[in-house]
Amino acid sequence: MFNFLRNEKPELFRKFLMALAFSALGYCGNYLSLPVALGVDFIFGSIFSIFAVVTLGLWWGIGVSIVVSSYTYLLWNHPYAIIIFTVEILWIGLALKRGKKNILLIDSLYWLILGIPLVIAFYSGVQQLDTQSVAIIVLKQAVNGIFNAMVASIILSNTPLRQWMLGKKSTRLPTYSTIIFHLIAVSLMFPSLSLLLYMNHRVAASQQRQAMANVQENAHEARAFIQMWVGNHVNAARVIAGLGEKYPPRPSPELQEELIQIRKLFPDYHNVFLGDADATTIAFDPPVNERGESTIGINFADRAWFKQLENTLKPVVSDVFMGRGGIFSPIFTISVPLVRDEKLVWFGLGAVNLEKLNDHLATFSYEGDLSLVDRNGNIIVSTNKNRKPLTSIVETNKGTIVTISSDVSLWVPGTIKNVSIMNAWKGAYYFTRVPIDKTNWILVTENSVKPMQKYLYSLTIWGMGGVAVLYALSMLLALVFSRKLSRSVESLSIITKDIPLKIEKQDMIVWPHMATVEMEQLTNNFKDTESALRKYVQEVRQSNVALEQKVQERTWELQNERQRLGDILYGTNSGTWEWNVQTGEASFNERWANIIGYDLQELEPISIQTWIDFTHPDDLKVSNEILEKHFKREIDYYECECRMKHKDGNWVWVLDRGKVVSWTEDSKPLTMSGTRQDVTDRKVYESSLIKTAKELKRLADLKSEFISITSHEIRTPLTSIKNAVDIIVKGKAGAINDGQGKFLSMAQRNINRLTTIINDMLNISKIEAGKMNYEYAQIDIRDITGNVINTLQPLANKKSIALNVDISPDLPVIFGDVDKIEQVLINLADNAIKFTPEQGAVTIEVHQGEVLSDMPEEATGYVEISVADTGIGISKEHQKHLFEKFYQVLHSLERKKEGGTGLGLAICKGIIDGHKGKIWCESTESKGSTFYFTLPGGWSDNGRTLRGSGLRGQTLISD
């Protein structure tokens with residue numbers, strides 16, 4: 001076929017090759033699309049279809065258009081765009097046959113008359129897309145098509161491409177009116193489209209980051225809750241196992257009553273029981289199952305969880321399975337063994353009510369779903385009602401998974417033939433998978449893409465609408481101004497013809513008045529040219545005299561500048577070098593050689609190889625890379641620190657700076673010059689600083705890790721101790737006498753105090769690490785103050801201390817973490833009561849202040865809260881250290897009696913700093929102290945104004 005075309009019809013063969021080239025380029029143009037929104041893309045293939053219809057003819061253009069637009073089926077999952085774009089080329093081809101020439105106007109009329117109705121018919125009528133989706137497609141397709149037509153028209157009118165494609169020699173140039181027409185259109189459309197695409201990209205990236213943050217935050221909170229929940233219920237099962245030693249190994253009313261009480265304390269357990277080493281139930285609550293059968297004496301030896309318990313002799317959190325003893329629905333169990341001589345003696349077990357656990361998970365779900373999955377991929381619980389326990393999560397998640405980051409992925413449902421990809425995105429969601437410690441479970445957290453898609457579509461509709469308005473305006477301006485300006489240029493071109501000949505003949509030239517400043521200035525320039533030509537010879541002679549004088553002056557300046565530069569280099573003790581890059585010749589001054597311990601004469605003959613021989617091989621490679629970048633003009637100058645071999649055998653550090661001062665005609669570097677300085681002392685000092693900084697960071701990390709691990713390891717047994725003491729105090733483990741009760745109450749107080757110390761250590765650790773969580777909401781300072789008064793009133797009454805409150809009206813709106821602000825106020829007021837003698841007074845005042853200079857720009861004022869007492873006061877020496885960690889004022893007997901961690905005020909300062917406020921103290925010894933803190937008004941974390949937004953309950957993390 002190719003031989004036939006080549007030999008018999010060369011013109012047809014040439015068109016065939018050009019059609020193939022246009023098809024390939026157009027297909028690539030569509031492939032290299034620019035995403036505007038989810039499922040909406042800007043494509044460029046029709047540019048080459050227009051090339052084809054203009055240069056090859058109507059039917060060739062239609063064929064190329066079909067091939068080029070076929071890619072849209074892969075991109076958008078339906079064939080309707082192929083029809084719309086092919087009809088567009090048919091419209092342009094028919095208009096060109098009728099003698100129309102302005103491709104941009106032709107294409108604009110197509111979209112206005114036929115293209116937009118076709119889009120509405122296919123996408124709204126056939127595909128049943130919603131109004132928002134149809135609107136964005138209408139605007140995108142029309143603007144995209146007109147933009148492509150504009151690009152094609154500019155290329156065909158202002159480049160030799162059309163002449164090359166037609167294979168004909170042409171001297172025709174574009175008219176001034178055409179250039180102005182294109183220039184005005186481009187000046188409005190290109191920036192507006194670029195800004196739209198850029199803003200959409202920024203918004204999409206921001207929305208995606210927010211969605212990723214939400215899903216990770218949700219996963220973190222839910223995971224922390226589940227792990228705490230599992231730990232508490234493992235402790236409950238451990239208490240049940242311990243009943244095997246407390247009671248005889250047989251059913252009894254006392255044993256049954258213990259199980260009833262434990263199940264009341266842990267209502268998430270559907271049933272609980274105590275089993276022996278053979279997996280037979282000894283005590284069971286409830287004593288009968290849903291079928292009315294006794295649950296005592298049931299054997300579970302065949303269960304997988306028992307086999308794991310028997311083999312590992314460790315607590316077992318099972319996979320989800322169908323219950324058959326106490327409940328006959330999907331459950332999972334938590335069992336804890338009692339081991340003696342490395343053998344299983346008893347075990348306690350609880351079967352979890354999945355509905356209650358699911359209710360807990362639902363409190364963490366915002367715009368997505370949470371699913372708990374066991375090691376077999378089976379769902380345990382899920383906030384998605386379509387996902388039932390014991391069903392596989394893989395079967396419910398059939399689609400495409402795109403990895404967004406190491407923690408978060410994006411799931412997109414599978415597409416449906418001939419249905420727009422935009423519909424598929426409505427079911428997409430971001431998700432993350434996190435393991436649950438001490439179990440074989442995975443927590444799957446999901447966040448829907450649909451709200452982000454709707455927002456992006458709305459934003460794009462407004463943006464595309466604005467572009468359409470700008471386009472209409474550009475067309476009107478282009479038509480008006482191109483015609484007006486071209487008339488002025490035509491008249492000026494006639495007058496300026498043969499100006500030198502007219503001047504030679506002394507002809508009078510009558511210059512017209514122009515309609516624009518630029519054209520009038522151009523006319524004045526021609527007038528000036530006329531005068532300049534008449535005085536040319538005289539001015540040239542005068543210029544020669546002036547030029548000679550300028551050369552002498554410049555030579556003198558250069559000599560002075562050279563002397564000055566030499567003085568500067570001598571004063572800075574710098575070495576200098578010059579290098580002919582093409583020949584390798586080089587010259588150094590004496591200081592260059594002295595830096596490495598030599599006299600310049602010892603290094604002769606000198607070339608660039610001298611520098612290479614003394615430079616460390618590793619640094620030579622880095623230097624060459626920097627030189628290459630400078631030679632390619634990627635960086636303005638060369639600067640590199642490298643090691644050089646000293647005469648005594650040591651390596652010294654030098655700083656080289658230089659720049660190419662001349663280039664060859666083919667843009668290659670010719671000569672280069674620069675300076676060299678000895679920076680060994682600085683490098684040694686920097687190395688010492690880096691080592692010290694690394695050691696300080698290591699110690700800080702070690703401290704934080706120690707606090708976190710120690711607190712966690714203390715908190716776990718402390719929780720068990722607290723639960724055990726609570727059970728004993730309540731008499732659930734038997735009656736206790738007064739003496740025992742006294743000691744148990746003492747134990748409870750010390751457990752609570754130890755818990756407070758641990759919490760203070762964790763809080764101060766979080767504050768220092770920048771990981772303290774703040775739940776921002778609108779604060780009612782009156783409610784907070786009332787809660788503080790109610791909490792501390794009993795303590796004040798014991799010392800006959802008056803608690804006073806003074807709150808100003810019309811306070812600004814404040815946003816912050818209610819609990820943490822209340823914690824600060826309680827801490828300050830509690831300290832005030834402690835350090836105030838009997839019959840004293842503590843006063844809390846709240847009033848409004850103006851914006852301070854160091855507050856956020858978004859702040860609309862601030863609220864100042866003070867806590868004043870009539871106590872013992874604090875010396876100025878101690879005031880400087882009040883907010884430091886572990887600092888305690890020990891001069892008071894009252895303080896020694898109270899004790900404490902010394903972290904309370906440090907935590908208060910961390911919380912107030914996290915709210916962008918300030919905290920300080922004013923005190924006079926023996927007269928009392930006043931602690932102040934401020935909160936900015938109308939401002940929340942990350943500089944966002946939340947006033948009136950109703951975001952109560954939104955959790956933010958202060959960085």
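This is a predicted model: local features need pLDDT of at least 70, side-chain atom pairs count only at pLDDT 80 or more; totals for chains, interfaces and linings use all residues.
Helix α3 passes helix α8 in a right-handed crossing. The contact draws on S46, I47, I50, F51 and V54 of α3 and on N148, A149, V151, A152, I155 and L156 of α8. By class, these residues divide into nine nonpolar, two polar and no charged.

**Helix α3 with helix α8**

- Helix α8 spans residues 131-158, and its axis comes within 8 Å of the axis of α3.
- The two axes cross at roughly 50°.

**Helix α3 with helix α6**

- Helix α3 covers residues 46-55 and helix α6 covers residues 80-97.
- Two packed helices are described by the angle between their axes and the distance between the axes.
- For α3 and α6, the angle is about 30° and the axes are 10 Å apart.
- That angle makes α3 roughly parallel to α6, because angles under 35 degrees count as roughly parallel.
- α3 passes α6 in a right-handed crossing.
- On the α3 side, the residues that meet α6 are S46, S49, I50, V53 and V54.
- On the α6 side, the residues that meet α3 are E88, I89, I92, G93 and L96.
- This contact of α3 with α6 has six nonpolar, three polar and one charged residues.

**Residue K820**

- K820 sits in helix α26, which runs over residues 818-834.
- Is K820 buried or exposed? K820 has a relative accessible area of 17% and is buried, because buried means under 20%.
- With neighbours within four places in sequence left aside, K820 is in contact with M772, N773, Y774 and I911.

**The protein chain as a whole**

- The protein chain has 959 residues, of which 43% count as buried.
- It contains 29 helices and 28 strands.
- Consider the contacts between residues at least 6 apart in sequence: 62% of these join residues at least 24 apart.
- The protein chain exposes about 52,000 Å².

Notes. Residues are numbered from 1 along each chain as its sequence is written. Side-chain values use heavy atoms; hydrogens and water are left out. Axes are lines fitted to C-alpha atoms, for helices over the stretch in contact, and angles run from 0 to 180 degrees between N-to-C directions. Helices (H or I, at least four residues) and strands (E, at least two) are DSSP runs, numbered from the N terminus. Angles under 35 degrees count as roughly parallel, over 145 as roughly antiparallel, 65 to 115 as roughly perpendicular and the rest as oblique. A crossing is left-handed if the near helix is turned anticlockwise from the far one by less than a right angle, and right-handed if clockwise. Contact means heavy atoms within 4.5 Å. Ala, Val, Leu, Ile, Met, Phe, Trp, Tyr, Cys and Pro count as nonpolar, Asp, Glu, Lys and Arg as charged, and the others, Gly among them, as polar. Buried means under 20% relative accessible area, exposed over 50%, partly exposed in between (1.4 Å probe, protein chains only). Accessible areas come from the Shrake-Rupley method with a 1.4 Å probe; for residues, only the protein chains shown count as cover.
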